[in-house]
Amino acid sequence: MEAIRTSAEGGTAMKTKDVKAFGTEAAEAALQQLNIRRRYPTPHDVEIDILYCGVCHSDLHTARNEWHGTIYPCVPGHEIVGKIVSVGEHVKKFKVGDLAAVGCLVDSCRECQYCKDGLEQYCEVANVQTYNSPDKYLGSQTYGGYSESIVVHEDFVLRVPENLDLAATAPLLCAGITTYSPLKHWNVGPGQKVGIVGLGGLGHMGVKLAKAMGAEVIVFTTSSSKIEDAKRLGADDVVLSKDRDQMRRYAGKLHFVLDAVSAEHDINLYLNQLRVDGALALVGAPEHPLPVAAFSLIPYRRTFAGSMIGGLPETQEMLDFCGKHNIVSDIEMISIQQINEAYERLLKGDVKYRFVIDMASLKK
Ligand code: NAP
Ligand code: ZN
Ligand code: ZN
């Protein structure tokens with residue numbers, strides 16, 4: 001279905017079409033099929049037919065309004081891979097038929113120092129996220145990858161390494177970059193002991209990436225069923241975090257800890273694993289605050305930090321790094337009709353280690 005609409009900006013007529021998507025109308029409602037509008041490619045846009053979309057815990061937090069500020073209807077999904085089906089007249093980077101990927105960002109101001117430095121995620125004006133951000137073209141909110149297709153400015157579209165399995169590449173677009181960026185920022189490498197807390201979508205990518213960067217990797221998990229897996233994924237050691245004796249093994253010994261836990265937990269237990277001048281970067285984003293004891297930080301001059309996804313140049317760098325080291329996500333493929341069930345399993349930590357939606361299921 002096609003319709004000529006007037007865009008929010010400048011009153012320019014913008015041609016749009018309706019595409020099928022899966023989303024939710026309210027925090028308490030299940031996700032279901034709905035139609036959304038996509039613009040036709042403007043001169044610098046590419047249109048991507050979505051083949052696979054990963055399921056991030058942020059999708060669930062947002063769909064259920066756990067961070068507040070969700071605009072409904074909400075169509076999540078920011079781990080997108082697909083094929084380019086049309087391009088605007090000025091597009092240089094891509095052509096029809098190319099494989100391409102879109103992560104968590106689809107635009108930013110492009111003028112502030114952070115944008116110029118390739119740190120678009122920290123744009124001073126406002127980054128535009130793939131879903132639940134204001135859409136300057138259509139005046140609505142942006143809609144994510146649980147949909148047939150997406151239209152994105154070529155500057156925010158990534159190249160996919162040819163040697164990697166496409167479905168298993170999708171989770172790199174969020175889980176991959178969100179763990180790669182802090183590991184790089186804190187110079188993780190040989191000679192360092194690195195802790196990864198929470199073996200979910202992000203955590204399992206953190207293990208693979210930290211290992212490929214040359215670090216000694218210690219996984220902290222609440223799930224005894226994941227111990228063997230953690231080793232298979234590359235961990236040198238695994239600590240069952242509910243066991244106080246095991247938690248003493250690395251106390252004061254780790255150089256860096258990456259915390260990727262999606263729910264409330266005692267952050268002090270992990271700060272206490274750091275040696276002098278060690279840093280803990282929080283990437284997990286639980287709904288409620290995490291209390292920090294002064295004496296978890298002071299005696300060892302420790303740093304408690306955070307990190308958000310990654311900018312466009314670093315996301316491409318991460319994809320190329322994964323291509324070189326043959327790193328992809330461990331995935332369980334689902335159909336879009338299984339998404340509500342997948343969210344319930346995510347809440348129980350029951351995924352090994354990322355759900356990826358086969359978007360062909362939406363066309364049925
Ligand atoms: P996920 O696949 O659901 O993994 C979360 C893991 O946390 C679980 O597998 C589990 O690991 C652990 N966990 C869950 N509940 C727990 C609890 N009550 N106590 C202790 N551990 C618990 O989620 P994800 O997609 O990796 O995302 C993780 C978090 O990162 C989410 O909050 C997400 O929104 C956030 N995120 C942040 C960014 C960013 O830019 N900073 C980007 C993407 C996602 P074990 O079974 O091993 O204990
Ligand atoms: Zn995500
Ligand atoms: Zn900016």
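1. Asp 155 is partly exposed, with a relative accessible area of 38%. In this predicted model, Asp 155 forms a salt bridge with Arg 110, and the closest N and O atoms are 2.9 Å apart. Asp 155 sits in the loop between strand S9 (149–153) and helix H3 (166–169), and Arg 110 in the loop between strand S7 (105–107) and H2, so the pair ties together parts 45 residues apart in sequence. Arg 110 is also partly exposed, at 32%.

2. The whole structure contains 21 salt bridges. One of them joins Glu 344 and Arg 64, with 2.7 Å between the closest N and O atoms. This pair links distant parts of the chain: Glu 344 belongs to helix H11 (residues 339–347), Arg 64 to the loop between H1 and strand S5 (80–87), and 280 residues separate them. Glu 344 counts as partly exposed at 37% relative accessibility; Arg 64 is partly exposed at 27%.

3. A local pair is found in helix H6 (residues 227–233), where Asp 229 and Arg 232 are three residues apart and therefore separated by about one helical turn. Their side chains meet in a salt bridge of 3.1 Å, N to O. Asp 229 is buried, with a relative accessible area of 14%, whereas Arg 232 is exposed at 52%. Both residues belong to a network of salt bridges that also includes Lys 208, Asp 330 and Lys 352.

4. Ligand 1 is surrounded by 29 residues, the closest being Thr 221, Thr 222, Ser 223, Lys 226 and Arg 354. Polar backbone atoms also take part: one of Gly 201 is 2.8 Å from an oxygen atom of the ligand, and one of Ala 285 is 3.0 Å from an oxygen atom. A backbone N or O atom of Val 283 lies 3.0 Å from a nitrogen atom of ligand 1. The protein covers 89% of the 920 Å² of accessible area that the ligand has on its own.

5. Helix H1 (57–63) and helix H5 (201–212) are the elements that give two or more residues to the shell around ligand 1. H1 gives the most, with three residues. By class, the shell has 13 nonpolar, 13 polar and three charged residues.

6. Tyr 114, Leu 119, Tyr 122 and Met 308 make a nonpolar surface patch of about 320 Å². Tyr 114 lies in helix H2 (residues 113–116) and is partly exposed, with a relative accessible area of 37%.

7. Val 188 is placed in the loop between helix H4 (175–185) and strand S10 (193–197), and counts as buried at 8% relative accessibility. Val 188 and His 255 are 67 residues apart in sequence and 8.5 Å apart in space, C-alpha to C-alpha.

Notes
Residues are numbered from 1 along each chain as its sequence is written. Chains are lettered from A and ligands numbered from 1 in the order in which they are written. This is a predicted model: local features need pLDDT of at least 70, side-chain atom pairs count only at pLDDT 80 or more; totals for chains, interfaces and linings use all residues. Side-chain values use heavy atoms; hydrogens and water are left out. Patches are made of residues with over 30% relative accessible area and no salt bridge: like charges are joined within 9 Å, nonpolar side chains (Val, Leu, Ile, Met, Phe, Trp, Tyr) within 5 Å. Accessible areas come from the Shrake-Rupley method with a 1.4 Å probe; for residues, only the protein chains shown count as cover. A salt bridge is a side-chain nitrogen of Lys or Arg within 4 Å of a carboxyl oxygen of Asp or Glu. Helices (H or I, at least four residues) and strands (E, at least two) are DSSP runs, numbered from the N terminus. Buried means under 20% relative accessible area, exposed over 50%, partly exposed in between (1.4 Å probe, protein chains only). A residue is near a molecule or strand if one of its heavy atoms lies within 4 Å of it. A polar contact is a pair of N or O atoms within 3.5 Å; within protein, one must be able to donate a hydrogen and the other to accept it, and residues adjacent in sequence count only if both atoms are side-chain atoms. Ala, Val, Leu, Ile, Met, Phe, Trp, Tyr, Cys and Pro count as nonpolar, Asp, Glu, Lys and Arg as charged, and the others, Gly among them, as polar.
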